[in-house]
Amino acid sequence: MIKKSVTRMIGRLMKNTFKSDGYLNPTVVGKNTKTLKMLPISVSIYALTEYLRRIRAEQSKSVLEIESAVNIPPANLKKIVGALKADYKISAVRTTLNLTLIGGVKIKIGDNVFDDSIGRRILQLGEEISQNG
């Protein structure tokens with residue numbers, strides 16, 4: 001019973017935890033943390049843990065992760081981010097070198113993955129050949 005009421009409380013607290021642009025609102029997080037700390041200790045530990053888990057999950061929805069086989073020039077990176085901002089809230093951009101891609105890029109934002117790597121194209125071509133061959 002307590003777990004349900006705490007879960008509902010955290011749901012209400014999460015509504016204002018992030019600003020409309022997808023960025024974390026530190027003032028609100030501070031207030032919410034103080035509120036959760038006032039609960040009985042065992043409930044407070046559960047509530048704070050769950051609140052942090054939800055914040056992390058929500059933050060991951062707005063982090064743009066780009067993998068490529070080479071460093072992406074800043075101008076190209078800006079174009080990629082600009083194109084995706086029309087459809088997604090982007091609070092952070094992480095770039096990673098991944099030499100196994102051979103070429104192309106993999107882009108991940110939240111649960112969405114866009115794989116435009118040479119390796120994926122080769123796999124697709126192999127599948128088409130085996131289906132039509």
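Tutor: Start with helix α5 (residues 118-132), which lies across β3 and β4 and runs at about 80° to β4. Contact means heavy atoms within 4.5 Å. Axes are lines fitted to C-alpha atoms, for helices over the stretch in contact, with angles from 0 to 180 degrees between N-to-C directions. Helices (H or I, at least four residues) and strands (E, at least two) are DSSP runs, numbered from the N terminus. This is a predicted model, in which local features need pLDDT of at least 70 and side-chain atom pairs pLDDT 80 or more, while totals for chains, interfaces and linings use all residues. Residues are numbered from 1 along each chain as its sequence is written, and side-chain values use heavy atoms, without hydrogens and water.

Student: What is the order of the strands in the open sheet?

Tutor: Strands of a sheet pair through backbone hydrogen bonds, either parallel or antiparallel. Here four strands form an open sheet in the order β2-β1-β3-β4, with mixed pairing (two strands pair if DSSP finds at least two bridges between them). β2 (92-97) and β4 (112-117) are at the edges with a single partner strand each, so one side of each has no neighbour in the sheet. From one strand to the next, the twist averages 15°.

Student: How many bridges join β1 to β3?

Tutor: Five bridges link β1 (residues 63-68) and β3 (residues 104-109), which run antiparallel. E65 stands opposite K108 in β3.

Student: Where is Y23 found?

Tutor: Y23 is in the loop between α1 (2-14) and α2 (26-37). Beyond its neighbours within four places in sequence, Y23 contacts T17, F18, I90 and S91.
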